[in-house]
2 protein chains.
Amino acid sequence: MRKVALTGFGLTEFNKDDIAIDSLMLSAVKSLFDSAPNLSQKDVDVVLTSTNDNSKYLSSIVSEISGIRPKISHSVESLCNSGANSVISAFSYIASGLADVALVVGAERFDSPGLVLEWDKSRGQYKHPIYWSSMFTKSHVRKYGTTKEDLAIVSAKNHNHALDNPCAYFKKTYSIDEIMNSKNLTDDIRLLDCSMPCSGSAAILLASEEAMKKFTDSPVWITGIGQKTLSAGFTKNEELASMESTIDAATMAYKMAKKEPGDIDVAEVHDAFSICEIIEVEDLGFVRKGKGNEFVRTLYETNDRRINPRGGLIGAGHPLGATGMAQIVEIGQQLQGKAGKRQVSQARVGLVQNMSAAATSSSILILES
Amino acid sequence: MRKVALTGFGLTEFNKDDIAIDSLMLSAVKSLFDSAPNLSQKDVDVVLTSTNDNSKYLSSIVSEISGIRPKISHSVESLCNSGANSVISAFSYIASGLADVALVVGAERFDSPGLVLEWDKSRGQYKHPIYWSSMFTKSHVRKYGTTKEDLAIVSAKNHNHALDNPCAYFKKTYSIDEIMNSKNLTDDIRLLDCSMPCSGSAAILLASEEAMKKFTDSPVWITGIGQKTLSAGFTKNEELASMESTIDAATMAYKMAKKEPGDIDVAEVHDAFSICEIIEVEDLGFVRKGKGNEFVRTLYETNDRRINPRGGLIGAGHPLGATGMAQIVEIGQQLQGKAGKRQVSQARVGLVQNMSAAATSSSILILES
């Protein structure tokens, strides 16, 4: 398996602007090219687009408007973890030797399809994601005594982090009281426990060990990959206080990278709702099961940025097909030491956890500088 | 690069039935499993879906209803060459070592999105594919003297071949006169020069050299891959009597497989319209430029099946996301000697050419038994 590096990154602001999906993608591609002076369109032999948008032939459209004539070009869709799937697909094109340089660009509009889980008949009329997150919350509360304040702390922390992320959807912080008193959406979930759909785009350049030398002196290597899909309907889950697909994917990724949870210096985890981050830090092995709430509280109280330094989905916004991409951009920039005010010191090994639809599938990447 | 084999195939009938996309896919998956007694759901670690359908999370849905819990799972879209792109993506997952066994399933409904090329503003109001095929036809007629009868011969030949394909959309043959006298759609194109959108599905199992031993004694190896995307809008083409993306992709594929056009025993080429097959047999190097019309006439007159033995898109129908898959299934079965009445004798090396949107992109596979 050939080594594959991340060598360049592009981002747009996340907002509610009414922008065409191809224009969103072009903005992230331009941002990537602007930061990579040695990169020419002719270098790129794969263009993949990650989105839930219904546009067809989007990778060819984005290639054309970017002035690229790639060999391999297609769209990748897997709902909320489209982004990580796209990057892993690009990894495999390069690792196999079929390609040397891949541009992956993810984008979504605020009004994207995929926000409501229409296909899951087992949900009855409860197709909105707040219902699965509500059931996850109730289950974790019962088993481990997680409180409304614990949930609010996730949101307060991630909004704090987002304030140093110039691309974040949210531009303000919230107190724990404000979050706990925000609108009740269900018995278990308040408005500020939720990530917000928005428009946004992120782009990543991947290259083989040989090709990457032209583009960067600080490559970030993909050393671990783990993925698992359990079902498409979350009511098949046997356990709602854990994410089984995340546990399986993490086991694979740690094994491939020859790393332990304790080796991870910085991580982006998929906090679609507050409860997700608490469950994920447990299921990724950062802390013992049932202790996620205490762990996140300590991070908040000590202003420790190592989980979701860019503000996570709750602070930065959740443009579905761009989310996994933006998570990887953040960890890439952290490992390059280029995360500005968000920088976690001594970050050498990072992890990205990107999941879909009540964690019925999970994708995990381990990155190293 | 690890070797990758095609080891199993599944197909549904192509028709105009009103069937849900996931049910279509499940039928092709069932057909594949029925023909692979040693294959268990637990063997499959990649599930990719190829379609232009707007369904989200379809690969997870198809995995769930097929009883598979894969590692890697996502949809691939690139309009009419989604199928070949999906198989090449699965190839790269296995060739890189990320996976061992991949199930790829393509399907489309007769009323699929992607039939009209909405994104190509350069077409003005002429967004239907008959307009690009009309311009290709006019250009080839002017340059090389191709006649209406030459075009009709492609259609007559492929309808003849389809009669021996139990899955084909068309169940009858047409005389050259009937084709030439079918409804004029433009100055250059008649109704029976066109492939027909339809519902249908095809599935393929790919495996590594080690894993394939469990599933088959007659593996078909992917030995050559070539792809090229030039643009998303065909008016960027400098030349309308050739398919530049096909020439580029074929050059790559022949080089990778260390083969010449003369080595190809049997080929599926993307005859979305009659003119396409004439241009493609030239651009793939099977005959000198401008001689495609004579070449196809000879195939017809000698009842030589080596081009589009299953009837091509014109005879078998064109369910977009399933088309490239069905082309690969046909060549796979030909190389296994399992093509029944359609069998081309002594077929050892085969080629598939699958393209999108006026050949603005092309994907080519070379397969060997």
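In chain B of this predicted model, helix α3(B) packs against helix α11 (residues 320-335) of chain B with their axes 6 Å apart and at an angle of about 60°, which makes α3(B) oblique to α11(B). On the side of α3(B), the residues that take part are Ser82(B), Gly83(B), Ala84(B) and Val87(B), and in α11(B) they meet a set of residues including Leu320(B), Gly321(B), Met325(B) and Ile328(B). Sorted by class, the residues of this contact are six nonpolar and five polar, with no charged residue.

A second pair of helices can be followed in chain A, where helix α5 (residues 148-162) and helix α8 (residues 274-283) have axes that come within 8 Å and cross at roughly 95°. Because of that angle, α5(A) is roughly perpendicular to α8(A). Here Asp150(A), Leu151(A), Val154(A) and Ser155(A) of α5(A) make the contact with Ser274(A), Ile275(A), Glu277(A) and Ile278(A) of α8(A), and these residues divide into four nonpolar, two polar and two charged.

Chain A and chain B each give 45 residues to the contact, and on the side of chain B at least two residues come from each of α2 (58-66), β3 (72-77), α3 (82-96) and β6 (220-229). That side of chain B has 16 nonpolar, 23 polar and six charged residues. Strands also pair between the chains, since strand β3 (residues 72-77) of chain A runs antiparallel to β3(B) and is joined to it by three bridges; in one of the pairings, Ser75(A) has Glu77(B) of β3(B) as its bridge partner.

Key. Residues numbered from 1 in each chain as written. Chains lettered and ligands numbered in written order. Predicted model: local features only at pLDDT ≥ 70, side-chain atom pairs only at ≥ 80, totals over all residues. Contact = placed C-beta atoms within 7 Å. Helix = DSSP H or I, 4+ residues; strand = E, 2+ residues; numbered from the N terminus. Nonpolar A, V, L, I, M, F, W, Y, C, P; charged D, E, K, R; others polar. Pairing = 2+ DSSP bridges. Axes fitted to C-alpha atoms, helices over the stretch in contact; angles between N-to-C directions. Parallel < 35°, antiparallel > 145°, perpendicular 65-115°, else oblique.
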